[in-house]
Every structure is written in structure tokens, then in C-alpha cells.
Amino acid sequence: MIIWGINAKNHDSSLSILKDNELVFAAHSERFSGIKNDSELNEKLIEYALNYGDPDLVVFHENHWMKSLRQLRAGQGFIYNNPKPKLKKFAPNAKYLSQNHHLSHAAAGYFTSNFDEACVLVIDAIGEFETMTIWHAQGSTLTKKYSLKYPNSIGLWYTAMTDRIGLKPNEEEYILMGMAAYGDKNYYHTSIVRDFFKDLHTFETRRNLHKGCKDWMALMKDDDYFHVAAATQFVYERIFNLALVQAQQLVPSKNLVLMGGCALNCSANPMAFDYFDDVWIMPNPGDAGSSLGAILAHTRQHIEFKNCFLGYNIEPKTDLDTVVNELFSYKICGLAQGREEFGPRALGNRSLLADPRGQGMKDKVNKIKQRQEFRPFAPMILEEYIRQYFDICGKPRHHRYMQYTSKCLQPDIFPAIVHADGTSRVQSVPNDGSRVRQLLEKWFLATGCPMLLNTSLNIKGQPLVHDEHDATNFEELHGVKVFV
Ligand SMILES: [Fe+2]
């Protein structure tokens, strides 16, 4: 039985394949089209997926008619959201079904976790009508215990604030989160709570934020954007804390599954461990991950989620000793080997790697990536050394997908991977025999340092390097060796 899950006509389209209850493929449309956060399901992606066989069943992650109805009611006019006609051309004999948006999020999280019972908290901008849901998951059942509905939406508000400070909504929320460390929350904290929320405890907003809030504090100067970012992140953390309290009260479980686009807020996520013993965030918790969630909402069975390396494959041509020698000599190189990551983070298969020690490396990598100078990079570390260098929440295994920030214990030695608030978004690399693990082991043997700087192999505003051709282009354009 081959089942395709589809997230399309949304930001960041994706396609996942379950074959006899094994996850065999999952990829983002943007990697195949070259268009960042591509909302259309790219035909090259669909053709590549057919290599795994014709689907018997295609499941969409949301009900597109309900979504169109909500858009109509919200005054956005009629928007045609139906991806089925395009897919019918490639899979004419398959059966087609739709799932609910928040159920797809919840299923993506719970059925990839190793829990047989959990509280599931989903926070995003908006599904068909829902914006936050809490579920009790047990066995193969997901029971909804709470639902917050549009126009009340924490995710929409955070996105509107992203837009307000000149960043790209639905894409650059993580930059707002990073800017927060440079601002003073006290300048705008009170006015944000007053102007946007009726009551933080009920998550009710004062206005529909679908069209942004560009009119808010119209006379504000650009210099204040860092203060707005600080206050926005602070208010989000207050709300997230209240959501965790409500989730724990409604479903008093030891285990939490956290999903939805807001689960990408790695500065706030450590708070989840204040209320739950164990936490699972599926490594692609936003809508792109719901292509898998749509399938799992249908099958209602747990699957083994081994890792994120589920996309297009580049067969490695260069041995890892050569890569380590390059890093040892020139301190920086790109690596595009194996299957590309399913999710927003490069975890070693489409990565720009560098020596994290000493001054100057942050500026050097930021220049290559054409990023804002203030932004630090993330480290990847051999899992058994993580506690020696970082004060982590949870256990080392919780940090395999860069979902939590941790205080760096030796910031002076590793300035390139430490943010202004002293934290790092560390990736813990387990002893699983993966290629990235082998590379780190060789680097450790050569240098005594168990850590590398790891950032996505892309340029600002572009998707990650996808294939051999992209890797060669990156190397030629930026003068950095990229190994395939
Ligand atoms: Fe969503």
C-alpha cells in the first residue's frame, strides 16, 4: 500500500510517502523548484515521488473547501486551494481524501513519537478555522480537548509582528526571535499586551491580524524594531506558558507532543520541560510536516521516525578524510551528500560547516550567506559531549533537531555559535553511524574539538542546495569548496 500525503496551496508545499507503514520519502517543493517556501506542488517533486511507485491513496493535510470558506468570510475573496486536479494528472487511479489541518499536525507529532499516551499541543497561525488545539493521544486515538478559533490566533499575531518590523511574514519569524536578544522588552511590553489582547489567559485577540498590523505604532522608528522583537518574544513566552498550563490541566500526562509552526520557537520551547517529563517535537512541526501528518491522521498507526534525511539523494563522491582536511586547512567548507533534510534545518547533509573556535568566523560565514551581521550560527556536537559545553533542558537526545536553545558554558572559546543572550541552538549528533556522525568523530580526532559550526547551505532568501548542480553553483559563486 503506497500512501502520499500532500501539503499544497499553502506556504512551503511538501509531499511524503508511506509504503507499507514505512516512511520512505518526504521532501519540500522548494528544493525541487528553487523557489523559497514554494506554495505550489512542484511537478519535478511529483515525478521524483513516482519512483517509489504509483500511490493507492493521496491524503491532503486540510480541507481546502473549508479553508476557502474561511478566506471568503475573512474578506480575502474566493481563493482556489484545491491541489487535486494537478495530482490527478500524475496519479489518476488513486483514491483521494482530506484530513483536518490541526488533526494532521497532531498526528504528525504523536504517531512519530515513542509515546503510547501523551498530551498534544498544536499552536499555529491558522488551519481551516482553528489556531490552537489540545488533544489527548492514547493508543491509536486522538481526542480533542480544546480548540481556539480564528480570528484569535497567537501564530497570526507573531507573524503580524514579524511583518511590522520589516521582516517577511511566514518566513522570517526566526529572525524576529533572534533580534529579541538585542532589544529591551520593557519599551513595548505593556502596549503590545494592551493593543493586541483582550485577555492573555483566554488567548483572545482584539483585532483580526490576517492583514498584518502595519498601522500599529505608525510613528515608530526603525531603531525600535529590536525592542519590539524583544517584547513580542517576551509576550509569546508568557502566552506559551499559559498554553502549557492549560494543556497540562486538560490532559495531565507526563508526555507532551508539541506541534504547529509556533513549535519552531526554540527560545520558548525549553519551557515545555517545566510542565512535562518528556517532550517530542516532530522535526518538521509546521505545515510542511503535515504532508506526513495527513497520512498518519488516516492510518492512525505509529511509525518509526529514524531521522530527517528523507529527500533527494546525492550519492557521496568525496571521502570524509578529505572533508576534514579541508576544514583543518581552510576552516570552512560545504557538504552536500546523502538525502536532503525534511524540515527547515540543515542537519549535516546540506550544510556549510566551519571551525567554531576563535574570532572572525561568524563574520566570515555571515558574509558568504549574506545574512545580518548580528546573527550567530548553530553548533553540531558529538552527543556524549553536549553537557560539557551546554546547559541543556531535557536529555541530550532531545537536542538532535535544533529545537531548543541552551546556555553555552564556554562562550569565549566559541563566539561564532553563541547568541547575544549567551545561548546556542545546538544539534546533538548521536552515535548512529550516520555520515555526519563519522565526520564529527574524525574532526574530534584531528582537533580535540567535538563541535562544528553548522549552517544551511543556502543564500539568504533561497532554498537549500538541492542537487549536484546547485552544489557546483554555490562553490563557483562563493569561492567555498562544496563537497559532494
Ligand atoms: Fe498549520
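Trainee: OK, His101: buried or exposed?

Mentor: Keep in mind this is a predicted model. His101 comes out buried, because its relative accessible area is 1%.

Trainee: And which protein atoms are the donors of the iron ion?

Mentor: His101 and His105 each give NE2, while Asp124 and Asp287 each give an OD atom. They lie 2.1 to 2.2 Å from the iron ion.

Trainee: What's the arrangement like around the iron ion?

Mentor: Irregular, because the 4 donor atoms subtend angles of 86 to 174°. For four tetrahedral donors the ideal would be 109.5 degrees.

Trainee: How are the donor residues spaced in sequence?

Mentor: The pattern reads H-x3-H-x18-D-x162-D. His101 sits in helix 5 (residues 101–110) and Asp287 in the loop between strand 12 (278–280) and helix 10 (290–299), so this pair ties together parts 186 residues apart in sequence.

Trainee: What about Asp287, buried or exposed?

Mentor: Buried, because its relative accessible area is 7%.

Trainee: Switching topic to helix 10: how many of its residues are buried?

Mentor: 9 of its 10, so helix 10 is mostly covered. Among the buried ones are Leu292, Ile295 and Leu296, along with Gly293 and Thr299.

Trainee: What do those buried residues pack against?

Mentor: Strand 1 (2–7), strand 2 (14–19), strand 3 (22–28) and strand 4 (57–60), plus helix 5. Helix 5 is also where His101 lies.

Technical notes. Residues are numbered from 1 along each chain as its sequence is written. This is a predicted model: local features need pLDDT of at least 70, side-chain atom pairs count only at pLDDT 80 or more; totals for chains, interfaces and linings use all residues. Side-chain values use heavy atoms; hydrogens and water are left out. Donors are N, O and S atoms within 2.8 Å of the metal (3.2 Å for Na, K and Ca); water is not among the atoms, so sites may look incomplete. Four donors count as tetrahedral if all angles lie between 85 and 135 degrees; four count as square planar and six as octahedral if opposite donors are over 155 degrees apart and all others between 65 and 115; anything else is irregular. Helices (H or I, at least four residues) and strands (E, at least two) are DSSP runs, numbered from the N terminus. Buried means under 20% relative accessible area, exposed over 50%, partly exposed in between (1.4 Å probe, protein chains only). Contact means heavy atoms within 4.5 Å.
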